[in-house]
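Trainee: Hi, I'm new to this one. Could you walk me through it?
Mentor: Happy to, let's take a look together.

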Amino acid sequence: MNSTAEWLPTPLATQALSYSARTLKRYRDSNGGFLVAGQDWCFGPTGASPISWNITTCRQKFHERGRLMISIIAERKKLA
């Protein structure tokens with residue numbers, strides 16, 4: 001893991017990224033999403049610990065995902 005990255009627990013990550021906890025958890029790779037364990041998020045030391053989120057990489061991944069979706073929509077419009 002990158003030690004210079006900004007890692008925040010779920011409650012603070014939701015504020016920093018402006019996404020709900022449910023949305024962040026839905027996009028984890030363990031749920032079929034694009035946020036990778038150990039790179040973008042990680043479990044805490046116990047089952048009751050909050051998940052920590054790498055704010056820097058999460059922000060980049062959400063941006064990449066948004067750009068991809070915009071290009072898909074543009075391509076569909078061309079084909080229609």
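Predicted model: local features only at pLDDT ≥ 70, side-chain atom pairs only at ≥ 80, totals over all residues.

Mentor: Residues are numbered from 1 along each chain as its sequence is written, and side-chain values use heavy atoms, leaving out hydrogens and water.

Trainee: Which side chain meets Glu 75 in a salt bridge?
Mentor: That of Lys 78, at 4.0 Å from N to O. A salt bridge here is a side-chain nitrogen of Lys or Arg within 4 Å of a carboxyl oxygen of Asp or Glu. Lys 78 and Glu 75 are three residues apart in helix α3, so about one helical turn separates them. Helices (H or I, at least four residues) and strands (E, at least two) are DSSP runs, numbered from the N terminus.

Trainee: And Lys 78, buried or exposed?
Mentor: Exposed, with a relative accessible area of 64%.

Trainee: How many salt bridges does the count come to?
Mentor: Two. Lys 61 and Asp 40 also meet in one, at 2.7 Å from N to O. Lys 61 lies in helix α3 and Asp 40 in the loop between α2 (21-26) and β2 (41-42), so the pair ties together parts that are 21 residues apart in sequence. Lys 61 is buried at 15% relative accessible area, and Asp 40 is buried at 0%.

Trainee: Switching topic: which residues of helix α1 are buried?
Mentor: In α1 (residues 10-17), they are Thr 10, Ala 13, Thr 14 and Leu 17. Down the axis of α1, they fall within an arc of 105 degrees, so they line one face of the helix; the arc is taken from the directions from the helix axis to the C-beta atoms.

Trainee: What do they pack against?
Mentor: β1 (7-9), α2, β3 (52-54) and α3, with contact meaning heavy atoms within 4.5 Å.

Trainee: What's exposed on the other side of α1?
Mentor: Pro 11 and Gln 15.

Trainee: What follows α1?
Mentor: Ser 18, with a positive phi near 60 degrees.

Trainee: Last one: where does Leu 68 lie?
Mentor: In helix α3 (residues 55-79). Leu 68 is partly exposed, at 44% relative accessibility.

How values were computed
Buried < 20%, exposed > 50% of the residue type's maximum accessible area, 1.4 Å probe, protein only.
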